[in-house]
Amino acid sequence: MQADVLIQDDRIAAVLPDIYVEDAVIFDATGLVVAPGLIDLHVHLREPGREDKETIATGAAAAAAGGFTTVCCMPNTQPVNDNATVTRYIVERARDSAIVNVLPIGAITRESKGEQLAEIGEMYQAGIVAISDDGHPVPNAMVMRRAMQYAMSFNLPVVDHCECKHISAGGVVNEGFYSTLLGLKGISHLAEELDVQRDILLAEATGAHVHIAHLSTARALQMVREAKSRGIRVTCEVTPHHFTLTDAAVETFDTNTKMNPPLRSAADVEAIIEGIVDGTVDAIATDHAPHHADEKALEYDKAPFGIIGLETALSLSLDRLYHTGKISLLRLVELLSTGPARVFNLKRGSLEVGAIADVSIFDLNKVVRVDPTKFRSKSRNTPFAGYVLRGGPVATIVAGRVVYNCKEEE
Amino acid sequence: MRRKDLLGIRELTVEEIETILDTAEAFREVSRRNIKKVPTLRGRTVINLFFESSTRTRTSFEIAAKRLSADTINISVATSSINKGETLIDTARNLEAMVPDAIVIRHPSSGVPHQLARICRNTSVINAGDGAHEHPTQALLDALTIREHKRTIRGLEVAIIGDIAHSRVARSNLHLLTKLGANVRVAGPRTLLPPEIGRLAESRPGKIVVTSFVEEAIEAADVILLLRVQLEREASAHFPSLREYASFYGLNAKRLQLARKDVIVIHPGPVNRGIEVASDVIDGPYSLVYEQVTNGVAVRMAVLYLLMGGNKLDAVKEVHEATHQERAGSRPVTTTTDAS
């Protein structure tokens, strides 16, 4: 549809074929896509604690440059976001320094140690939108069950990084041909699938909403697909790197191919794309994980897990999913905006009259050369340096304010 | 050889492997002489950078470099200290600034030689064993030993037995043997057999068969390569006890009878006697473990020489010239070299 969008103050005021308002500031988006602001359910902003890797301000700037208007930040900061004081700190820092919406995710257990429940209710009052012990998944099924039951009082989704650490046991890459070839310790797909299965059973029993973070295996996807068909409240996200790269990328021993869950087999990537196409996948999330270059410059097995993704996600999605004809533009917007809004019950991801004016404007055909030196993020750890991708962000508007405009950059 | 580094067998062509083996055969002569030195690499510097304890391999590289008249420096680094501030990249840049001609590196982390080779653009990097990834000179010396006794590697049936999962020796040998046309049976407890190992032989003349029954692997084998049970590498969590390992997977005289009559037994060392192999086997007539050590020096001489710009024919010539000079000199010659 071709139309004009009128924004008044922080709201969408009208969407009509021809709007004329005297004195209005005009953003000419002829030939561009005007979409509800993109939402990333899974980022690590490192503040408080590791401001050398990223801050709320730089992470938000990276988000804006990537077309995102809202990011949800994981609680694995130092200290862990496991109480309302830390939550309030993040919310206030975001208000003072962030150019996009930053919504905190609280820990499930104190210090994410998997034992005692964190003060979920108080964090909810302070502004968390979900709970997760991302990276340190709750190993005790009884604790997880109670967390799900408890979270229901606040209608909070429970986000799980599904990894049975007994199975992954110090692994660094996907277990399979490449771990064998390269002599690197493998992480079996079972590590993810055992926990996905557990979570689905617990969600079914409790009636709670469980959201599977960065789903990466064919079998896990099939489990989610089946659970959904049985009406269980389970949703899932996938990352751009898991639908773009296979574990063959590890062959160079470049530590920017090391993340958790690891890059999986070609069959897994194929299955993930199938899930993106058929609707099983609810959201694309980046798992933006900034690390200092010094830390990534270690031996492969010693380097930390994780890559950044905010500034490449939209281009990778357009290039690999839309331009290949796998999904429509509408589905792409669903995966990056309306879908994630639904998963976390956010009143965002809409261009309807009266909605908050979070808008992402992007060009389907601009040629994007991925150049990490130009990133807004403090970190540079991406495996996509040098990639040439078709399509990318042009401008980002948060609550009626233009926070990113690529024209002003050049 | 038009190659800056020797990072693994996987990257080598059949031709390159054969060139190294032929050159090593020429250099083997040097070690049999009184004056065990040729001037070939005079003025060159070789750094042995070892992040993991090793007597055999480090000494072997050092002797190889010295017999070629290169200057050698040994650096042993406790891995615990490197992560305190200095990264791998810092270490590499510092070493490269000293302008060595080659760095021989052993490291417990897979891939470090590759990372090092990317940073050190003007220095040859030689992998002396990285994690569970590759140990190319070990596979080359094994091949030289096999070739000596079996004339050719093509068509041989080779059994590799033990902890395949954690073994860089197994990986390098699997690459080399299947490239040169041998069929390899790998055997061990399933817990120590890595997934999809058979695919390493994809599009190679030799094939890989995987079995958890040692007898099946040994049956009519031409060569048996035993792997060390790496006690320090948590291998013990993969089977109940060393006693049980020895009884089900160890090579003893009885199992050896299943092999061909002219079977040879090789082992990268150090040997755990009574665990992966019984003493009477490793000390017996089929065992070539000490010959392997001798061949190790020759192979490493060949690798150093070829990477630093030498070619096969010159090597043969130089060795012969040096031999003639020695004979012409005043020293008595007791070498068995046949310098025809």
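Student: What links Tyr124(A), Tyr150(A) and Phe154(A) into a cluster?

Tutor: Ring pairs join these three residues. Rings of Phe, Tyr and Trp (its six-membered ring) pair if their centres lie within 6.5 Å; planes under 30 degrees apart are stacked, over 60 edge-to-face, and the rest tilted. The model is predicted: local features need pLDDT of at least 70 and side-chain atom pairs pLDDT 80 or more, while totals for chains, interfaces and linings use all residues. Residues are numbered from 1 along each chain as its sequence is written, chains are lettered from A and ligands numbered from 1 in the order written, and side-chain values use heavy atoms, without hydrogens and water.

Student: How many aromatic pairs does this rule give over all chains?

Tutor: The count comes to eight.

Student: Why is the pair of Phe27(B) and Tyr305(B) called edge-to-face?

Tutor: The centres of Phe27(B) and Tyr305(B) are 5.2 Å apart and the planes stand at 80°; the pair is therefore edge-to-face by the rule for planes. Phe27(B) belongs to helix 1 (residues 14-31) and Tyr305(B) to helix 12 (residues 289-307) of chain B, so the pair ties together parts 278 residues apart in sequence. Helices here are DSSP runs of H or I with at least four residues, and strands are E runs of at least two, numbered from the N terminus.

Student: Why is the pair of Phe239(B) and Tyr245(B) called tilted?

Tutor: The planes of Phe239(B) and Tyr245(B) make an angle of 40°, with 4.9 Å centre to centre.

Student: How do you know whether Asp199(A) is buried or exposed?

Tutor: Buried means under 20% relative accessible area, exposed over 50%, and partly exposed in between (1.4 Å probe, protein chains only). Asp199(A) has 0% relative accessibility, so it counts as buried. Asp199(A) lies in helix 7 (residues 189-206) of chain A. Leaving aside residues up to four places away in sequence, Asp199(A) touches residues including Met144(A), Asp160(A) and Ile212(A), where contact means heavy atoms within 4.5 Å.

Student: Which class does Asn256(A) fall into, buried or exposed?

Tutor: Asn256(A) counts as buried because its relative accessibility is 14%. Asn256(A) is in the loop between helix 9 (240-244) and helix 10 (266-278) of chain A.

Student: What makes Arg199(B) sit over the ring of Phe177(A)?

Tutor: The rule asks for NZ of Lys or CZ of Arg within 6 Å of the ring centre and within 35 degrees of the ring normal. The charged end of Arg199(B) is 4.1 Å from the ring centre of Phe177(A). Lys258(A) likewise lies over the face of Phe305(A), at 4.7 Å from the ring centre.
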